[in-house]
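Here are a few short notes for a first look. Please read them with the structure open.

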Amino acid sequence: MTMPRFAAGDDPGASFPDLLRKIGIDPFPASALRGESGRIDSTRGNDTVLPHATTCLALTYDGGVVMAGDRRATMGNLISTRSVEKVVPADDLSGVAIAGTAGLAMEMIKLFQLQLEYYEKVEGQSLSLEGKANQLSMMVRSNMPAAMQGLGVVPIFAGFDPLVGRGRLWDFDITGGRYEERDFVAIGSGSALASTVLRVGWRTNITREAAIELAARALWEASDADTATGGPDILRGIYPIVASIDAGGWDRVADDALASIYDTIMREVRSR
Amino acid sequence: MSMPFYVSPEQMMKDRADYARKGIARGRALVALQTPSCIVIVAENPSTTLRKVSEIYDRIAFAGVGKYNEFDQLRVAGVRAAELRGYQYSRNDVDARSLANQYAQVLGDVFATSGPKPLEVELLVAEVGDTPERDRLFHILYDGTLLDEKRFCVLGGDAEGISKRLESTYRADLDLATAVKVAVAALSGPDRTVAAADLEIATLVRNGRRRSFTRITDDAVAAALR
């Protein structure tokens with residue numbers, strides 16, 4: 001392997017995807033599907049069924065944001081993975097959650113994390129939170145040809161913005177459209193159910209604890225009525241991923257704490 | 001037809017080496033020290049934005065002396081080489097030895113054949129290990145000579161004098177604050193003092209976290225030197 005060096009006019013700068021293209025690797029190979037006939041339906045029981053990741057959500061609280069996602073990936077009517085991680089830290093002060101075709105989604109998360117760190121190292125300083133959201137938007141747009149074939153990927157991006165001193169969150173559509181949400185957002189197959197819970201329960205400046213409890217409850221209700229969303233897997237000890245991001249950074253809620261939140265919810269359901 | 005003057009290869013290499021050495025000697029020096037808790041890199045650098053020491057990868061740091069634009073381009077090339085390798089294989093497959101070899105290849109190539117002039121830089125590629133025995137300090141000279149150093153490493157002008165001072169003051173069991181003092185004393189010599197604001201200090205911390213590179217702020221430097 002030789003060191004990649006470029007002439008001044010040919011330098012890919014601080015963009016890692018551009019660097020990959022320069023050395024002949026297409027970071028979004030699924031975009032080459034352009035022009036091929038046929039549509040791959042990654043959600044239903046068709047000929048080609050691909051793993052699909054579902055419900056994720058994010059909400060703001062006093063001092064930051066909480067992100068959460070269930071652990072299930074489905075292939076048509078089958079469960080393909082019980083412990084997938086769809087909510088991950090993007091860097092010190094932000095996180096990304098992703099729904100859609102699992103393979104492309106995981107690859108996009110990896111590339112996004114890499115790009116943020118790469119930019120920081122090449123430029124000597126981090127991107128602003130808005131800049132990071134914009135970067136993710138461009139990656140989603142690069143994937144649009146694949147999305148039109150049914151291999152869509154839609155993320156949530158959330159983090160603490162030191163420039164304004166509060167948590168901010170964005171959701172995206174498959175065209176790369178980027179929408180900043182004020183209070184909360186949910187994506188994926190169970191999103192309608194989860195966002196109803198959030199809409200009813202969310203209050204301005206709720207505490208971190210209340211936000212975590214609300215996120216856990218929203219995922220519970222989504223999993224209760226949507227088969228593609230996984231609930232807490234008590235049998236195997238697999239719980240949703242719930243994490244908060246504030247000025248101190250990413251803080252994932254321990255499984256023990258989630259177990260006790262879900263205990264309470266289950267007791268409530270039993271006594272109905 | 002004009003005849004070019006004959007210059008013997010020995011003379012040409014000597015001229016190029018002199019040119020590079022002069023350029024490097026004009027700049028300020030830097031030192032890297034192994035300690036039980038980290039590798040500490042101390043550079044004399046009045047600028048707070050044009051860095052001499054920077055992060056390449058999880059456990060690997062880069063430092064350069066000489067012409068800033070030349071070693072900064074090499075720094076970015078190193079970040080790219082490391083990130084591409086990590087992306088294509090795994091983060092564990094990125095190591096300082098391979099990077100140092102690539103740097104040596106580039107510098108050697110420019111020195112001997114391809115460049116109109118040699119690069120006026122000396123580089124350090126440092127990698128922190130789980131134990132000090134697994135640390136790596138690779139020192140790359142302007143002509144591509146690659147040195148594998150132990151304990152400490154000195155780059156830049158007056159390297160010999162600084163090495164001599166370090167030889168008598170360096171110990172393997174230094175804590176960070178003392179190591180900084182020892183390094184600064186060696187850099188400044190007996191006749192002058194260097195202000196905290198004119199120092200750039202970074203460490204590769206041996207704590208098992210993914211990104212081990214940490215910069216030390218001017219205030220912390222001033223406190224350590226007190």
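1. A definition comes first: two residues are in contact if their C-beta atoms, placed from the backbone, lie within 7 Å. Keep in mind that this is a predicted model.

2. Start where the chains meet. Chain A gives 13 residues to the contact. Chain B gives 13 residues as well. On the side of chain A that touches chain B, the elements that give two or more residues are α1 (16–22) and α2 (102–123) of chain A. The largest share of that side comes from α2(A), with 4 residues.

3. What classes of residue make up the side of chain A that touches chain B? There are 9 nonpolar residues. Another 2 are polar, and 2 are charged.

4. Now turn to the backbone of chain B. B:R151 has a phi near 65°. That value is positive, and the residue is not glycine. B:R151 sits in the loop between β7 (146–149) and β8 (152–155) of chain B. Is B:R151 buried, exposed or partly exposed? B:R151 has 15 C-beta neighbours inside 10 Å, so B:R151 counts as partly exposed.

5. Look next at B:D158. Its phi is near 55°, again a positive value in a residue other than glycine. B:D158 lies in the loop between β8 and α4 (159–169) of chain B. B:D158 counts as partly exposed because 15 C-beta neighbours lie inside 10 Å.

Definitions and conventions: Residues are numbered from 1 along each chain as its sequence is written. Chains are lettered from A and ligands numbered from 1 in the order in which they are written. This is a predicted model: local features need pLDDT of at least 70, side-chain atom pairs count only at pLDDT 80 or more; totals for chains, interfaces and linings use all residues. Ala, Val, Leu, Ile, Met, Phe, Trp, Tyr, Cys and Pro count as nonpolar, Asp, Glu, Lys and Arg as charged, and the others, Gly among them, as polar. A residue is buried if 20 or more other C-beta atoms lie within 10 Å of its own, exposed if 12 or fewer, and partly exposed in between; C-beta atoms are placed from the backbone.
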